[in-house]
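Me: I would like to learn how to read a structure that is new to me, feature by feature. Could you take me through it slowly, giving the general idea before each case?

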Amino acid sequence: MKSDSAAELGRSYRKGAARRAEILSKAIGLFAEHGVEASLRAIGDTIGVSHAALRYYFPSRDELLVGVYGAHEESGRGEPIPPSASSVEVMKISAESNGVIPGLIELYATLTSDALQAQRHPHTRDFIQARFRRVRADL
C-alpha cells in the first residue's frame, strides 16, 4: 500500500502543473518564432524536454497545440485577461497579440483547419467548437 500523505500528493500535483505550464510557455515561444510544423519529438528537443515527458503532459500533438493556443489566449499580452471578459473580448485581445506574432496566427489557422478533419483531430475539433459556441453566445 502506498503511503503518500495528502500534502505530498499536493506538492506533486503542483510540481506537475508547474512543469506543464513551463512546457506550454516554451512551446508558445517556439511556435511564435517557427510556426507549428514540427513533430512532438522535435518540439521536445527544441524546448529541452524529453519526448517521454512531453507525451506525459500532452499525449498527442493536437493536445499540445490546443494547450499552447489556450495558454496564449488566457495570458493576453502578458497581462492576465479579466475573468469577466467575454469571448469576444478575449478574441479581440488575442487578435491584437497574434498580429505581432505570425507563428501564433499560423497556430490558430492550423487549429481551425484541423478541426474540419473530425476523424483525425477530435480534440482540436472539440476545442474550436467550444470556442465558437462561446462566441455565438456572447454575440
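Predicted model: local features only at pLDDT ≥ 70, side-chain atom pairs only at ≥ 80, totals over all residues.

Me: How many helices and strands does the secondary structure of the protein come to?

Reply: Helices (H or I, at least four residues) and strands (E, at least two) are DSSP runs, numbered from the N terminus. Here the protein has seven helices and zero strands, so that, by this definition, the order of elements from the N terminus reads α-α-α-α-α-α-α.

Me: Which residues have the most contacts inside the largest nonpolar core?

Reply: In soluble globular proteins, nonpolar side chains tend to be buried together. A nonpolar core is a set of buried Ala, Val, Leu, Ile, Met, Phe, Trp, Tyr and Cys residues joined through side-chain atoms within 4.5 Å. The largest one here has 26 residues, and those with the most contacts inside it are Phe31, Leu54, Leu64, Val68, Leu107 and Leu111. At least two residues of this core come from each of α1 (6-34), α2 (40-47), α3 (51-57), α4 (61-75), α6 (102-115) and α7 (122-138), and the largest share, seven residues, comes from α1.

Me: Which residues does Phe31 touch, not counting residues up to four places away in sequence?

Reply: A contact means heavy atoms within 4.5 Å. With that sequence limit applied, Phe31 touches Val36, Ile43, Leu64, Leu65, Val68, Gly103, Leu104 and Leu107. For the protein as a whole, among contacts with a separation of 6 or more, 63% are between residues 24 or more positions apart.

Me: How many salt bridges does a search of the whole structure find, and which residues are linked in a network?

Reply: Side chains of opposite charge can pair when their charged atoms come close. A salt bridge is a side-chain nitrogen of Lys or Arg within 4 Å of a carboxyl oxygen of Asp or Glu, and the search finds three of them. Glu22 pairs with Arg19 at 3.0 Å, N to O, and also with Lys26, where the closest N and O atoms are 3.3 Å apart, so that, under the definition, Arg19, Glu22 and Lys26 are linked in a network. Both pairs lie in helix α1: Glu22 and Arg19 are three residues apart, about one turn of the helix, while Glu22 and Lys26 are four residues apart, also about one turn. Asp126 and Arg125 meet in another salt bridge, at 2.9 Å, N to O.

Me: Is Gly48 buried or exposed?

Reply: Gly48 is exposed, with a relative accessible area of 56%, and its place is in the loop between α2 and α3.

Terms used. Residues numbered from 1 in each chain as written. Heavy atoms only, no water. Buried < 20%, exposed > 50% of the residue type's maximum accessible area, 1.4 Å probe, protein only.
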